[in-house]
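Q: Please take a close look at one part of this model, the place where the two protein chains meet.

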Protein chains: 2
Amino acid sequence: MRIVIKFRAKMNYSKQRENILNTLKENVVHPTAEYLYDILKKENSNISLATLYRNLNQLAENGIIKKIDGLESSSHYDHNTHEHYHFICDNCKKVYDISADVAPNLVKKAQEETGFTITNSDIVFHGICNNCKNKGE
Amino acid sequence: MRIVIKFRAKMNYSKQRENILNTLKENVVHPTAEYLYDILKKENSNISLATLYRNLNQLAENGIIKKIDGLESSSHYDHNTHEHYHFICDNCKKVYDISADVAPNLVKKAQEETGFTITNSDIVFHGICNNCKNKGE
DNA sequence: CGAAACTTGATAACAATTCTCATTTTATTT
DNA sequence: AAATAAAATGAGAATTGTTATCAAGTTTCG
């Protein structure tokens with residue numbers, strides 16, 4: 001079973017990375033890269049957009065921050081519109097269906113907790129599918 | 001309270017849309033637009049990529065198919081790495097936190113159902129937040 | 001039929017993100 | 001502290017997925 005684990009280069013200290021992490025912690029939660037960039041530009045003389053993205057990815061890969069986004073790049077389309085969720089294999093990238101039973105009354109509970117009007121819920125699981133676990137592909 | 005509901009133009013019949021929908025139904029589940037485009041190009045003399053995207057969006061807006069993607073365009077970053085979920089207000093686009101309690105044992109249940117190794121789960125709710133409901137903004 | 005509304009293809013435009021590469025920092029070894 | 005290797009940076013080009021534009025073709029319905 002050959003499952004590729006992302007190689008983690010050692011992280012050296014860097015002023016820019018420190019700035020990015022602090023800015024992320026001290027400001028609005030869940031900012032986009034663009035939002036962070038604007039703040040960083042003001043406070044911190046100059047930083048490259050590439051540096052920002054590079055560091056956000058690195059921090060996320062190392063579990064220091066979390067990147068919030070459903071799928072990786074492109075959208076997928078599904079003709080099955082019944083309530084159900086999805087699992088994406090990080091190895092083969094296939095998208096599997098997961099029954100809605102795994103989270104009963106999900107919307108109802110979330111509405112009760114927040115008072116928001118909730119029209120939709122999506123769950124995306126990530127991991128390794130059985131095929132990849134067995135075949136090591 | 002002024003909540004903008006997307007205007008739905010009437011859908012006339014169109015050969016291309018029919019082809020797209022059939023291709024989506026008769027093939028691999030959850031394809032990307034690119035995947036569909038390749039099939040359609042082969043089977044169906046010519047179709048424009050723009051037409052494909054236009055129709056996929058239209059079909060999704062009318063609930064005939066489902067578009068699977070977590071957030072809209074750009075990723076958001078979160079320094080809170082504890083298990084919790086997110087709600088995106090379709091009106092003001094703010095991202096709110098939702099406690100993990102709304103889906104107890106989520107990963108465990110999904111693992112039991114599938115046998116997959118699940119490393120991560122993301123839930124994204126959509127709807128209208130209280131602020132927007134009250135202020136009508 | 002004939003007008004109004006809808007759809008199409010081709011291509012330009014766009015936004016978010018990643019890549020390239022020469023230079024600079026940081027860490028490690030002597 | 002000098003030499004060397006490894007990692008980080010900035011600037012901008014490049015890539016990717018998707019949407020906008022617009023003139024021409026279709027569908028709908030009175």
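How many residues of chain B are in contact with residues of chain A?

A: In this predicted model, 54 residues of chain B are in contact with 54 residues of chain A. Strand E5 of chain B, residues 117-128, supplies the largest share of the side that touches chain A, namely twelve residues. By residue type, that side of chain B divides into 23 nonpolar, 21 polar and ten charged residues.

The copies meet through the same surface, because 100% of the interface residues of chain B are also interface residues in chain A.

Strand E1 of chain A (residues 66-68) pairs with strand E2 of chain B (residues 76-78) in the antiparallel sense, over three bridges. Within this pairing, Ile68(A) has His76(B) in E2(B) as its bridge partner.

Both chains also contribute to the surface near DNA strand C. Helices H2 (33-43) and H3 (49-61) of chain A, and helices H1 (15-26) and H3 (49-61) of chain B, each supply at least two residues of that surface. H3(B) gives the most, with five residues. Of the 29 residues around DNA strand C, those that come nearest are Ala50(A) from chain A and Ser14(B), Gln16(B), Ser48(B) and Thr51(B) from chain B. The residues of this surface comprise ten nonpolar, 14 polar and five charged.

Notes:
Residues numbered from 1 in each chain as written. Chains lettered and ligands numbered in written order. Predicted model: local features only at pLDDT ≥ 70, side-chain atom pairs only at ≥ 80, totals over all residues. Near = placed C-beta within 6 Å. Helix = DSSP H or I, 4+ residues; strand = E, 2+ residues; numbered from the N terminus. Nonpolar A, V, L, I, M, F, W, Y, C, P; charged D, E, K, R; others polar. Contact = placed C-beta atoms within 7 Å. Pairing = 2+ DSSP bridges.
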